[in-house]
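User: I would like to go through the terms used for this model and see what stands behind each of them. Please show the structure before we start.

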Amino acid sequence: MTLYLTQEEVQKVLDMKSTLEAVESAFREMGNDKIEMPPRVYLHFDKGVLIAMPAYMPGLNAAGTKIVTVHPSNKKDYGLPAVIARIILNSPENGVPLAIMDGTYITALRTGAAGATGIKYLSRADSRVAGVCGAGVQGKSQVMGLMEVRPGVQKVKVYDIISEARKAFAEEMRKMYPKVEFVSVDSAREAATDSDIVITCTPSPEAFLDGAWIKKGAHVSAIGADTGAKRELMTSVIKKADKLVVDFIPQAFVTGDFRVPKEEGVITEDSIYAQLGTIVAGKKPGREKPGEITVFKATGLAIQDVGTAHKVYQLAKEKKVGKEI
Ligand SMILES: NC(=O)c1ccc[n+]([C@@H]2O[C@H](COP(=O)([O-])OP(=O)(O)OC[C@H]3O[C@@H](n4cnc5c(N)ncnc54)[C@H](O)[C@@H]3O)[C@@H](O)[C@H]2O)c1
């Protein structure tokens, strides 16, 4: 029997706390070299792309594949979402497909959890002010992750190029976290200036975050640029950082955030302090001094999807959610 879970059913059982546990465990397994994660496989269509992302974590007894398609014109052409994802979980013991589940909500939450894991290990524990650039799906998920690991944050400044989007976002977040002050601001500069934690989560093709705005002791979470065509961090951010941490070095150097500074001769792969898993596994320290500037660059890993899907499967079985097929 295979458990089938729709997006609504995944949403019913999965919250940020459980996602964080799953994602942090996945990073720990990676840091301990206990994962199998071959490179992503791509199919190129006229209007989009299909990406297959398999991973196996023997220590967690979790194995599976995310299949995600990205068709940017889907909404306009067919009234469908641009990103459609499913995750198939297989039993490592006998190969049986244990579950097939929607992967879109899992992708949103596991990315918030990856950013939050970076914040947990790299930002100052006494961080009070955060700035978020990009008030979309990731904006929300990153704030949910942030609040889980830094409950002391009192103020969040939000910038989006669409003014209605940033205002609506601040309004929605105030309802979710009534004790936190959410302010819609008019520029990325305002969002970043004086912030202890700066989160960028936009599909911007042009770098917009300037290192001059990043204060001493701040942490930057760079989430949005996950391909070579996207870039959020100006080279000045990379130059100013004391510690550059990434989820996976080969993928980080494909994105505009690291590819461009490498082409400019500013950094090489050797400039990376650590992959996040190494820090989570305790093999290297995260933040060591209050004045350090840290950057975490996330590109998204199959282990995050499979780890979270494994958690969803356990929770759904426990709560008797979903349909056996
Ligand atoms: N690193 C990862 O693992 C990972 C995972 C999922 C998504 N992503 C990436 O994160 C980005 C955001 O995804 P999303 O699902 O939130 O998209 P979304 O469309 O829901 O939201 C993006 C928001 O960014 C705003 N924006 C665009 N350019 C901007 C700029 N220069 N300054 C400020 N705001 C700007 C848009 O107006 C929009 O509101 C995408 O590039 C996506 O591919 C990365």
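**Helix packing, sheet and ligand shell**

Analyst: In H4, Ile106, Thr107, Leu109, Arg110 and Ala114 meet Gln304, Asp305, Thr308, Ala309 and Val312 of H12. Contact here is a distance within 7 Å between C-beta atoms placed from the backbone. By class, this contact has 5 nonpolar, 3 polar and 2 charged residues. Ala, Val, Leu, Ile, Met, Phe, Trp, Tyr, Cys and Pro count as nonpolar, Asp, Glu, Lys and Arg as charged, and the others, Gly among them, as polar. The model is predicted: local features need pLDDT of at least 70, side-chain atom pairs count only at pLDDT 80 or more, and totals for chains, interfaces and linings use all residues. Residues are numbered from 1 along each chain as its sequence is written.

User: Why are H4 and H12 called roughly perpendicular?

Analyst: The two helices pack at an angle of about 115°, with axes 10 Å apart. Axes are lines fitted to C-alpha atoms, for helices over the stretch in contact, and angles run from 0 to 180 degrees between N-to-C directions. Angles under 35 degrees count as roughly parallel, over 145 as roughly antiparallel, 65 to 115 as roughly perpendicular and the rest as oblique. H4 and H12 are therefore roughly perpendicular.

User: What makes H4 and H5 oblique?

Analyst: Their axes come within 8 Å and cross at roughly 45°. H4 and H5 are therefore oblique to each other. By class, the contact of H4 with H5 has 9 nonpolar, 7 polar and 2 charged residues.

User: Why do E2 and E15 count as edges of the sheet?

Analyst: The open sheet has 7 strands in the order E2-E3-E4-E5-E6-E1-E15, with mixed pairing. Strand E2 (41-44) and strand E15 (323-324) each have a single partner strand, so one side of each is left without a neighbour in the sheet. Helices (H or I, at least four residues) and strands (E, at least two) are DSSP runs, numbered from the N terminus.

User: Which residues come nearest to the ligand?

Analyst: Of the 27 residues around the ligand, Gly136, Val137, Gln138, Pro203 and Gly300 come nearest. A residue belongs there if its C-beta atom, placed from the backbone, lies within 6 Å. H5 gives the most to this shell, with 3 residues.

Methods. Pairing = 2+ DSSP bridges. Contact = placed C-beta atoms within 7 Å.
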